[in-house]
Amino acid sequence: MKSILSTALIIFIFNIISCYSASVTGRIYPNVILPDVHELSSNTEIILNGGEYVTYLKADSSFEIKNVKPGIYIAQINAKNYFFDKFWILVDETNNVSASKEATEIEFNDKFFKSNKCNYPLEVQAVLKKDYFEPRQTINILGFFKNPLVLLMTLSIGMMYIMPRLVSGLDEEELKEMKRNQGNVQDFMNKAQNGDFSQMFSNFLAEAQMASQNKQKKK
Amino acid sequence: MYKNKYLSLIFFSILLFVNNVFAIYKDQAGVIDWYQALVGTPKISYFQKIVGRSNLIVGTEKNVIANLNLRANTINWRQVLKPDEKLINLAPFDNYIISLSESKTSNVRIWNGQNGYLFGEYILEQGSNENIENGDILVHNNYIYALVRGKTVLKINNLTKSQEGKYQLNDNYYSKLFYNEQLNEIVIAGKNKKDQLIVTIIDNNGRIVNEKSISSVKFEISNAFFTGKNLIIKDFEGKIYSIESNKEFAKSLIYKDIKELVHVNGDLFIVEINNNKNILVKINDNSIEELKSFESVEDGIISVFTNDKDIYVSKTTISNNNSSLVEIINANTKETIKVFEIKNKFTNNGRIVKVSLDSYRKRDGTILYRIFTVTQDGSIHLYKEENIVWDREESLANIIDLKFISLPEITKNIPEAIVNSSNIFTQITSRIQYQFTSIKDQIFGKNKKEYSGIEDILKRDVYGFRQLLLFYTKKGKLICIETLTKKTVWTRFIGKDIDGFEGIKLSNIRSSAVQYPPVVAAIATFNDNDEEHTAIFSIDATTGEDFNYTNKNIPSSMKYPFKLLQTFRLSINEKQDKIRITAIIKSENEVEFYPSTQEILDTIKEEEKPIFFNLNDKIEGNTIRGYKLYINDEKKPQIDLLYKKVFPEDEIIVSYGFKEPYDNVASLGKVLGNRNVLYKYLNPNVLAVATIKPDEIYTSILTVYLIDTVKGSIIHHSYYEGGGETTIMKPKIVQYENMIICTFWNHGAPLTTEEQDKETKKLRKNIKKGSQIVVFELYENEIENQKDTNQEFTSYNYLQPYIVSKAYILDNAITSIGVTTTRNGIANREVIVSLDNNELYGIHSVFLNARRKISPLTNEDKQEGLIQYRPGIPITPKSIISYNLPVTGIEAIISNPANLESTSLVAAYGLDIFLTRRSPSNNFDILSDSFNKPILVITMAAVIIGTIYSSKKIKDNDFKKAWKIKSAKKEEKDKAK
């Protein structure tokens, strides 16, 4: 009888002791980024403060970090292929645990913590699937023809065919005028190359005016 | 909201710096890199039936728990414990594996044997670190009893997954747990400080039933066993004692003197008597009964294993030749049931040191045996009876040093006349002849025959991607692996049969040239008659053979009767073989040179420049000493102490700066946006040292000192509140060019209270818990275009550098740091860090820049390529150079240039090994992999066709014009007119 009592007492005391420090618990839930949580390997670690406390993911994708002393911790999940949110964990003197999402570049402060509190036990979801590789460019015929250089080339080749046909339809007078115009454009280009902008524009505008006047006169 | 901000930051930076990130293509994975996952040398190994199938479970010196594949050379799963956690024991339990490991807490974990998932975890807070090795696991029905740190027994109920009890013992030197089935009691035995046997018996509920200590027997605790009724002990003299559970004394049993006692089951034991004879015996209450003896009388290892209800005992002979005999006896029927021979490459692996066996039934009902062996070098081997299934070079998990060896250029068929002739004319003519024949060979395809094997590997390729990686393990094994194909070129076990061999360092004492193969020196310490000695071996790096000096007086290996303090390579060559001299510091005023001849001393004296070196405390020390080594007038080497720098008492050194031996600097200055230049402070003698001291407000303070090692002056010193270390993240420093990068963990600021004044609150905003990277850039002068007028740098010139620094935070803890090196130092340097989530991450130099501005950028800053300062370094998956490979336990990252300026070979080692090629500035010197060759071909073809067509057309037209031929249409038109 005595022994039973003493055992009961020991168990009771032990239970009190085991309640003395807190456990940080949580679970990883599936989402669009990570539809199947079992994709995470058994090596997935949950660590507090860069290694102060470490535990591993269980098969049911839950985790429990035991015997955590009061303090402030950063909780993070080290998994292959996925990024997860980081959390601030606050274990207070009465071993209550509360959590908030962590923000890079901001040190823990009460105000931030209170305004960003999240559910506890932690409900963790993947944030991003890691895409390690650069996509390789494939040969895309359509894409090739969308290339501005190629477009220009095809256009100019096209012009090569079309132009003589257009020219052949003109009478001699119109041909002469066109040749003169071409000469003007040549002149214009030369001036542009020499950087003689003012003259270039004045000439060009003047000629344009003359041409329009001529046209009007013709009419 | 913050999540989005964080994400957008990542995406923004990806977009912004997409050109700065050198990511690989999916099809390059495994082509430009290779990876070797390791588990380490097993200290615990056994076969366990999990869901009816055999599994090989190992617990290793590297604190890895792994399930190894029995068919292929792969790991089914592994759990790598954190660096501060030590694996003490493993035990099978149904389909689970129970592990006991010790860190600052005692951890009992139950793992799923099939997939490695954690099933249950029980943690016990511990105050002191005493007797962590004294742990044992006992499984009985659904209960797990774990003895931790020699004094506490945990009782775990696996059905309810709860810890049912924690029982404290009255002594803390217990180390073994046994179960007494008859009385349902737990027998706990140990050996206390007074070398007494201590035994405590507790009942199921932890109540102490009996406690006793016996001092009459002198024994080792590993030689204490429980038959289910009595404790059996072998003492130092080879006598066997039996202790009944209710008696207070040990009863001596009359038998021959034995050398070894192995427990089989119940009262069955294997004893080893003289002449290496092993006998299966039954130990009764008062007598010992011999049942069956092993036939072989060679030295061997006894192993016990079970299958169904049968218990088997095996003896595996260990000899210095290449084969071992395995003899298996069924302990129930007392019959020899199998004898076979396994092959072990003794010269390469050394003797077998550990054996585990397994038996399994094939479908046709025959029983087959597997044998798993661990050899002296640390490698592991699995046999299916006499046939080898696989070899794993697990010695690679204990690398002391790793060196890249560049290969010599193609030396084949170079005529003697070119190499050795002193007459220039004959040299030239034979060179021309040689070139001519080689051209002829190439044209007529003589050289086209396939080279096979090692010969071909030992040729340098055009880009220099093919190099040798020479690994040197702690136990003295040299493993040479080729970088392109991961093929092992040669292995050599120099530590075999040398007592207490411990590898120290590898040193390239001759790099390869056309006519000289590369030579390395492997330096080690060993024991001889309980005294520590030093040895140095000269080894030809292409073959692994001893290097024979032309001067026959120089031996290829040397042994010195002292323990070395420090060793380094001099820049002076031995004349005949062009071997660099190695200095081995014996004490603060004694030194040995290898090779050592009078001629060499003379050469050192001729140099006139003294050699400066340091004897620094190891990590956790606090002193740095600088010395000068020179040859005095009596032609004897002399060492003078120059300075001794002691850090304050509570400050301990936690890290020294690491420099790549190959550190070429292409540009002496940094060109700024306004086309002015800031000249780099390129003092080769700068050593960065990080120290930590505890602090009341902040947990600790980390200080970085930049010290000139020649004169011992502190160039710069800066401290970081909250800076410190965690079990995973130790401070690390890497130095290159004028840059110093230090990483450490910041414990963050303490919580502020209302009482604290505003200033303290302001201060604490600047630090954040997490991993931190500090970058220092050293310049000669703050004023632009100011260059030190001296042509040659000397530490004795007064030149105080201008130092810029910035601190950054990274999301993950950093376990080690390295930097890429290129041939001429023109390409950008990329800092490579290994993270605690088993990734290797490349940080582009644009982020780790101390000149990043906090204020908005001006046009000049933009031209310089600066980006605005943000404390966080974004983690982009494309910069993870190890992509999805779990590169675990990395302790060092080293690099070596390839022949291509853009490319650097990077190797990371620790537990796993990873080798890759990095081009931080992209492949500017070769056509990039992303270059679209088909488009080029299509465009070229189109242009050619166009040209041909149009030239034809023009010719046609000209012809028509000349003959005034009108086209049919025109004629019709004219006619119509």
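**Close-ups of a two-chain predicted model**

**View 1. A buried serine in chain B.** With 21 C-beta neighbours inside 10 Å, B:S242 counts as buried (20 or more other C-beta atoms within 10 Å of its own, C-beta atoms being placed from the backbone). B:S242 sits in strand β20, residues 240-244 of chain B; strands here are DSSP runs of E, at least two residues, and helices are runs of H or I, at least four, numbered from the N terminus. Skip the neighbours within four places in sequence, and B:S242 is in contact with B:N230, B:I232, B:K251, B:L253, B:I283 and B:D285 (contact: C-beta atoms, placed from the backbone, within 7 Å). B:S287 is 45 residues from B:S242 in sequence, with 9.9 Å between their C-alpha atoms.

This is a predicted model, where local features need pLDDT of at least 70, side-chain atom pairs count only at pLDDT 80 or more, and totals for chains, interfaces and linings use all residues. Residues are numbered from 1 along each chain as its sequence is written, while chains are lettered from A and ligands numbered from 1 in the order in which they are written.

**View 2. Where chain A meets chain B.** The contact draws 43 residues from chain A and 60 residues from chain B. On the chain A side, α1 (2-20), β3 (53-56), β4 (62-68) and β5 (71-78) each give two or more residues. α1(A) gives the most, with six residues.

View 3. Residues 934-951 of chain B are 100% helix and 0% strand, with the end C-alpha atoms 26 Å apart.

Conventions:
Contact = placed C-beta atoms within 7 Å. Buried ≥ 20, exposed ≤ 12 C-beta atoms within 10 Å, placed from the backbone.
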